[in-house]
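Please have a look at the structure first.

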Amino acid sequence: MKICTQCILPETFPGISFSTGGLCSQCQKFDARETKLSEDKKKYEQKFLDLLDNLGMRTKHTPSTVDHYTYDILMAYSGGKDSTYTMSLLKKKYHLKVLAVSFDNGFLSPAAVENIKNVTDNLAIDHVYFKPQWDLLKKIFLAAAERELYSKKTLERASTICTSCIGLVKSLCLKMAVEQNIPMIGFGWSPGQAPIESSIMKNNPSLVRMAQQVILKPLREIAGDVIGAYFLQQKHYESAEQFPYNVHPMAWEYYNEEMIVHDIQKLGWTAPKDTDSNSSNCLLNAYANDIHLKRYQFHPYVWEIANMVREGVMTRDEGYAKIYGEQDKNLINAAKKKLET
Ligand SMILES: [Zn+2]
């Protein structure tokens with residue numbers, strides 16, 4: 001199989017082509033973006049500080065004397081390394097009052113549960129678990145294991161199982177933030193997962209409605225009307241001016257996997273040994289990846305990892321090992337078994 005000599009995108013990736021030198025079409029488009037990216041990073045960090053200022057929060061230099069909000073930001077906290085690092089920045093660098101929310105999909109690694117406890121305690125952050133009823137999650141995961149539920153574009157970026165879970169996480173976080181009047185939602189997207197242009201964005205009601213339908217429609221067919229509880233209702237749209245901003249600070253912060261792991265270890269975080277190489281919290285991920293790989297002949301993380309290799313935040317060897325390394329059969333079988341019994 002042909003694999004790009006610069007990033008690691010394979011010839012099986014949708015819409016890709018290669019130069020005679022073996023460079024993929026994404027890499028050919030990329031040149032000279034690096035200088036722009038470092039300028040953008042400064043711009044977006046300033047944009048974030050301005051937003052904190054506008055929302056009346058304490059900024060780096062001037063602690064606010066008024067408490068406008070019970071919580072400044074709701075953090076979508078998976079317990080993985082990226083969201084742990086993001087949350088530590090929100091608390092320690094930007095001095096925000098954080099409410100951490102974790103989604104228990106039934107496949108949280110015990111090591112991740114321990115990490116969640118240690119990190120939230122060490123950072124003095126309030127924390128909530130949301131665990132949907134198991135029979136419902138099981139129905140969704142089994143259906144996603146059997147067939148594609150979403151669009152072609154979506155499947156280029158993540159497995160169907162992952163997209164279902166993340167869709168529920170995003171929706172629940174938005175719903176909670178609106179209901180509790182929390183003006184921002186934090187996500188730990190890596191620089192390869194989401195572009196810097198989307199790193200600070202106010203939720204727009206009509207876009208939210210569209211994004212919700214994309215997930216809600218197929219999930220309702222699988223699980224019935226009970227799924228409605230996890231999505232926004234008409235009353236939420238009526239207070240649309242209170243919709244929070246979505247922020248993913250790692251887009252403008254310095255990113256290096258080794259540095260991140262080193263940093264969060266000081267908070268009592270340890271790398272789980274029971275997850276696959278692309279997750280530091282979820283025991284379903286290996287199975288979800290395996291299904292995707294067999295269905296489409298490319299790894300669901302390859303887009304994200306290739307972006308990071310291209311942008312120089314990860315070496316090609318590290319990226320290659322994550323995507324083309326040996327799959328852990330035991331992990332795959334354990335997840336499959338749990339879903340099928
Ligand atoms: Zn490439």
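Buried means under 20% relative accessible area, exposed over 50%, and partly exposed in between (1.4 Å probe, protein chains only). This is a predicted model, where local features need pLDDT of at least 70, side-chain atom pairs count only at pLDDT 80 or more, and totals for chains, interfaces and linings use all residues. Residues are numbered from 1 along each chain as its sequence is written, and side-chain values use heavy atoms, with hydrogens and water left out.

| Residue | Relative accessibility |
|---|---|
| Asp82 | 12% |
| Cys27 | 5% |
| Cys173 | 3% |

Asp82 sits in helix H3, residues 81-93; helices (H or I, at least four residues) and strands (E, at least two) are DSSP runs, numbered from the N terminus. The Asp82 side chain makes a polar contact with that of Tyr255 at 3.0 Å; such a contact is a pair of N or O atoms within 3.5 Å, and within protein one must be able to donate a hydrogen and the other to accept it, while residues adjacent in sequence count only if both atoms are side-chain atoms.

The whole structure has 0 disulfides, a disulfide being a pair of cysteine sulfur atoms within 2.5 Å. For Cys173, the nearest cysteine sulfur belongs to Cys165, 12 Å away.

Now the sheet: 6 strands form an open, mixed sheet in the order E3-E2-E1-E4-E6-E5, where two strands pair if DSSP finds at least two bridges between them. Its edge strands are E3 (126-130) and E5 (200-202). Strands E1 (residues 73-76) and E4 (residues 184-186) pair in the parallel sense over 3 bridges, and Ile73 stands opposite Met184 in E4.
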